[in-house]
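I am opening these notes to keep a record of what I look up, entry by entry.

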Amino acid sequence: MKEISQKKINDKNLNLDSDLGVVSQDELEVLKNSFIEGVPFQYLLNKADFYYSEFFVDPSVLIPRPETENLVDLIVKRHKGKIERVLDVGTGSGAILLSLIKHGVGQSGLGVDISTRALEVALLNTKRLHLEDQVRFINSDKLNNVEGTFDLIVSNPPYIKAQSHRELVHPKVNQFEPHEALYLPDDFYTFWFEDFFSEIRSHLRGFFYMEGHELELDAQAEILLKLGFKNVEVLRDLSGCKRYLEASFHP
Ligand SMILES: C[S@@+](CC[C@H](N)C(=O)[O-])C[C@H]1O[C@@H](n2cnc3c(N)ncnc32)[C@H](O)[C@@H]1O
């Protein structure tokens, strides 16, 4: 199991102190041109606000979204103070996991991602939020390298079908955000989630929450039911779109 270390972050020389107040004229010119090209301002400033905290982001991680904040808020309201171990699959910047732990959902947390670069960013954010004693990260394809069971598993996996859903994606998102965070191949999509949910089941002794695509959540809820999950619900986001799955499993 490959745990991500702080040294790797330092070796990469992440731009930790980007502050518009101290950039040189040349840097300002680069920023201006990038802004004109349409690079999201969160990548230009290396920061994104998410659930009462500021997160370092760069183009190796998805910019955390308001609908994901909504999911975190829902989990905090339901589970604060009642959960021991939390797992976040596809942690990216660590926004979900770190927000949950910071707000009292889980005494300890494990974040996994297939991207080692994303895990370096997540570890950096952990340090900034002073949560190193409670949170660790491992590199894993889905839950392949995960051991043990968890009281709550959360995931915002890639959930856009690379072919049939792509035209619904904003061109700026497609151009600037990491494709492995966004897309799964159409012909592999159902199998990917069947496999994912059965891995989740092997490591769950409590609650499962997932953000997903409004056109896919009903079919995914059926898969969860077939696998023996209980209390399976499709939940809507604040704009009224189907956006999340909620379920539980107790071995
Ligand atoms: C939609 S992003 C979510 C990032 C973050 N959790 C958030 O909500 O902002 C999906 C994340 O899953 C990761 N990922 C993609 N395929 C994966 C896999 N097979 N196993 C683990 N992580 C994966 C991506 O690298 C990316 O960080």
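What should the 14 residues of helix α4 (residues 66-79) span at 1.5 Å a residue, and how far apart are its end C-alpha atoms? I worked on a predicted model, in which local features need pLDDT of at least 70, side-chain atom pairs count only at pLDDT 80 or more, and totals for chains, interfaces and linings use all residues. Residues are numbered from 1 along each chain as its sequence is written.

**Entry 1, helix α4.** I took helices (H or I, at least four residues) and strands (E, at least two) as DSSP runs, numbered from the N terminus. With the expected span defined as 1.5 Å times one less than the number of residues, α4 should span 20 Å, and its end C-alpha atoms are 20 Å apart, which agrees.

I then looked up burial, where a residue is buried if 20 or more other C-beta atoms lie within 10 Å of its own, exposed if 12 or fewer, and partly exposed in between, with C-beta atoms placed from the backbone. In α4 the buried residues are Thr 68, Leu 71, Val 72, Ile 75 and His 79. Seen down the axis of α4, these buried residues fall within an arc of 100° (taken over the directions from the helix axis to the C-beta atoms), so they line one face of the helix. On the face turned away from the buried side, α4 carries the exposed residues Pro 66 and Lys 77.

For contacts I required C-beta atoms, placed from the backbone, to lie within 7 Å. The buried residues of α4 pack against α5 (95-102), β6 (150-155), β9 (204-211) and β11 (242-249). Just after α4, I noted a positive phi of about 80° at Gly 81.

**Entry 2, α4 against α5.** Two packed helices are described by the angle between their axes and the distance between the axes. I used axes that are lines fitted to C-alpha atoms, for helices over the stretch in contact, with angles from 0 to 180 degrees between N-to-C directions. On that basis α4 and α5 pack at an angle of about 30°, with their axes 10 Å apart. The two helices are therefore roughly parallel to each other (angles under 35 degrees count as roughly parallel, over 145 as roughly antiparallel, 65 to 115 as roughly perpendicular and the rest as oblique).

Which residues meet between α4 and α5? I found Thr 68, Val 72, Ile 75 and Val 76 in α4 meeting Ala 95, Ile 96, Ser 99 and Leu 100 in α5.

Tyr 51 lies in the loop between β1 (48-50) and β2 (53-55), and its phi is near 45°, a positive value in a residue other than glycine. Tyr 52 is found in the loop between β1 and β2 too, with phi near 70°. Are these tyrosines buried or exposed? Tyr 51 is buried, with 21 other C-beta atoms within 10 Å, whereas Tyr 52 counts as exposed, with 10 C-beta neighbours inside 10 Å.

I placed Lys 161 in strand β7 (residues 160-161), where it counts as partly exposed, with 19 C-beta neighbours inside 10 Å. Leaving aside its neighbours within four places in sequence, Lys 161 is in contact with Leu 184, Asp 186 and Tyr 189.

Notes. Contact = placed C-beta atoms within 7 Å.
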